[in-house]
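Biologist: Could we go through this model together? I would like to discuss the backbone and the strand pairing.

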Amino acid sequence: MTIQAIYLPHLLSFSNRIQCLIIDENISGLETLTPVRGDITVRHGGTFLEVTVKAETIITFICDRCTQNYNQRLILDTSEIIWLDKEIDEPKKIPQEREVAWEDLSETLSPEGHFEVEKWLFEQLSLAFPLRRLCGNDCQPPFENIPENEINLDGRWSALEILKRQLSQ
């Protein structure tokens, strides 16, 4: 089952222009051990949408240091303002290279369009992934305890190994 998109003109007819969704779903394109559980609130502010989410799931990562699999809980507690712009669907002539102002770095949707809840949730969860994926504070690289003379180095690294020895003397 997928999370239905919200048709923005219908959101104007809701009480206080707010729609609350309870989430207990797997998100397509995101492999998790548990469904994403939580709630999303979408508020139509006339010229913008205010989207707030509190949700969590458990995902399996590969440790950057020891390459072992480990599970980690991802917790979302965030909100975003998405601007509504009538001209967003009109084709624009944009040069291939241009300077982008800070004001242009925002999400925009057509006020007559849909808000793709599942896509937005996928993006927010992806942004919540840790930059350094370590299975624990005491994690050791797999070659940490092997003596240097027992490690078979690729011959292409021999010049670097010679430089390393020279610098350590």
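**Strands and loop**

Modeller: In this predicted model, strand β3 pairs with strand β4, residues 48-62, in the antiparallel sense, and eight bridges connect them.

Biologist: Which residue of β4 is the bridge partner of R37?

Modeller: The partner of R37 is E56 in β4.

Biologist: And the hairpin of β3 and β4, how many residues lie between the strands?

Modeller: Three residues lie between them, and in this hairpin G46 has a positive phi near 90°.

Biologist: What joins β2 to β3, and in which sense do they run?

Modeller: Strands β2 and β3 run antiparallel and are joined by eight bridges, with β3 covering residues 36-44. One of the pairs can be named: L21 has I40 in β3 as its bridge partner.

Biologist: Changing topic, where does N16 lie?

Modeller: N16 is in the loop between α1, residues 8-11, and β2, residues 18-25. R17 also lies in the loop between α1 and β2.

Biologist: What is the phi of N16?

Modeller: The phi of N16 is near 60°, which is positive in a residue other than glycine. R17 is not a glycine either, and its phi is positive at about 55°.

Biologist: Is N16 buried or exposed?

Modeller: N16 is exposed, because its relative accessible area is 65% and the cut-off for exposed is over 50%.

Biologist: Then why does R17 count as partly exposed?

Modeller: R17 has 37% relative accessibility, so it counts as partly exposed; that class lies between under 20% for buried and over 50% for exposed.

Notes. Residues numbered from 1 in each chain as written. Predicted model: local features only at pLDDT ≥ 70, side-chain atom pairs only at ≥ 80, totals over all residues. Heavy atoms only, no water. Helix = DSSP H or I, 4+ residues; strand = E, 2+ residues; numbered from the N terminus. Buried < 20%, exposed > 50% of the residue type's maximum accessible area, 1.4 Å probe, protein only. Pairing = 2+ DSSP bridges.
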